[in-house]
Amino acid sequence: MLQGGQGLTVMDIDTDFPGSAATGGMARSREFMLTFDDGPLPGATERLLSALATLQTSHGRPVRAGFFLVGGAPESFWRQRYYYAPYEIYPKGNIVNCPNLVIKISQAGHLIGNHTMHHPWIRWPWLRNPAIIREELLAWETAIQPILGAVSPRLFRSSYSIYSAPVSDSARWAGYRIVRGKTTGDTAPGIGGEQLKLMVLRILKNWRQPYPCVLIFHEHSHATCNHLGAVVNYLQQEGYRLGEFDPARLPES
Ligand SMILES: [Zn+2]
């Protein structure tokens, strides 16, 4: 704001997108950040790291993404049924079994977040207990401690994006910052690169907030593993800016 009653207001806005009621007069952001859930998964993690290494942010810097990893996905059928959502069809990651992948992610400069130990669907009556949720958070820390030590910053994304009060309260109790995002739909069965481009473009076109849009991809998505570079390049051609994953630039949630 200029001082002295000159009748002018100076705002840091993107002139293509003048302020709207949804952003309280501030321009909506055209920036996006990349995050990947449900790893580490052998094969997929390496492919994503390779794709990310070929990309640059809109400031010409290497891309830093966020990887929300699973501590030790249940392996037997009945343990999967105990923890997972009834509709679950995808494999989940395992930090304990894949320490080398965790190290690769970290050494590539990406941030690692807590996506629980077992990827529980906390709508099951037997998992709805806050004590179980806290145990999921702490068991994840026990899993990653021998590999990376204490992970910082402390970032959390809930399995199945369920943020009921017990989940959110437990995460804050354990000192985590909750990082939500917009799921890209990359796990829809049979989708290809062209569909994924359009789905993500639609998310960014509808984004109304003044801070960057955090996109959620999944390591078990073939579309993401095969087409990540093409999708990001397409979004950049459409005028959207790829930024470094930086939770400090997002509102507390
Ligand atoms: Zn997940």
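Student: In this predicted model, where does Asp38 lie?
Tutor: Asp38 lies in a loop of the protein chain. Its phi is positive, near 85 degrees, although the residue is not a glycine. The loop that holds Asp38 is the one between E1 and H1.

Student: Is Asp38 buried or exposed?
Tutor: A residue counts as buried when 20 or more other C-beta atoms lie within 10 Å of its own. For Asp38 there are 25 other C-beta atoms within 10 Å, and therefore Asp38 is buried.

Student: In which loop is Pro153 found?
Tutor: Pro153 is joined to Ser152 by a cis peptide bond, with omega about -5 degrees. Pro153 is found in the loop between H4 and E4.

Student: What is the handedness of the crossover from E1 through H1 to E2?
Tutor: Strand E1 (residues 31-37) and E2 run parallel and are joined by three bridges. Thr35 stands opposite Gly66 in E2. Between the two strands the chain passes through helix H1 (residues 44-53), and this β-α-β crossover is right-handed.

Student: Which residue of E3 is the bridge partner of Phe68?
Tutor: E2 pairs with strand E3 (residues 111-114) in the parallel sense, over four bridges. Both faces of strand E2 (residues 66-69) are covered, with Gly66 and Phe68 buried on one side and Phe67 and Leu69 buried on the other. In E3, the bridge partner of Phe68 is Gly113.

Student: Why do the buried residues of H5 lie on the same side of the helix?
Tutor: Helix H5 (residues 165-173) has Val167, Ser170 and Ala171 as its buried residues. They lie on the same side of H5 because they cover an arc of only 100 degrees around the axis. In general, an α-helix has 3.6 residues a turn, so residues three or four places apart point the same way. The value asked for is the arc of 100 degrees.

Student: Against which elements do the buried residues of H5 pack, and which exposed residues does the face turned away carry?
Tutor: The buried residues of H5 pack against helix H4 (130-148), strand E4 (155-156) and strand E5 (177-178). The face turned away from that buried side carries the exposed residues Ala165 and Trp173.

Student: Which residues have the most contacts inside the largest nonpolar core?
Tutor: The largest nonpolar core has 52 residues. Its largest share, six residues, comes from helix H7 (residues 222-237). Those with the most contacts inside the core are Phe32 and Leu215.

Student: What radius of gyration does the protein chain have, and why does it agree with a compact globule?
Tutor: The C-alpha trace spans about 70 × 35 × 35 Å along its principal axes. For 253 residues, a compact globule would have a radius of gyration near 18 Å, so the chain agrees with a value of 19 Å.

Technical notes
Residues are numbered from 1 along each chain as its sequence is written. This is a predicted model: local features need pLDDT of at least 70, side-chain atom pairs count only at pLDDT 80 or more; totals for chains, interfaces and linings use all residues. The radius of gyration is taken over C-alpha atoms; the globule rule is 2.2 Å times the number of residues to the power 0.38. A nonpolar core is a set of buried Ala, Val, Leu, Ile, Met, Phe, Trp, Tyr and Cys residues joined through C-beta atoms within 7 Å. A residue is buried if 20 or more other C-beta atoms lie within 10 Å of its own, exposed if 12 or fewer, and partly exposed in between; C-beta atoms are placed from the backbone. Two strands pair if DSSP finds at least two bridges between them. A crossover is right-handed if, with the strands pointing away from the viewer, the path from the first strand over the helix to the second runs clockwise. The arc is that of the directions from the helix axis to the C-beta atoms. Two residues are in contact if their C-beta atoms, placed from the backbone, lie within 7 Å.
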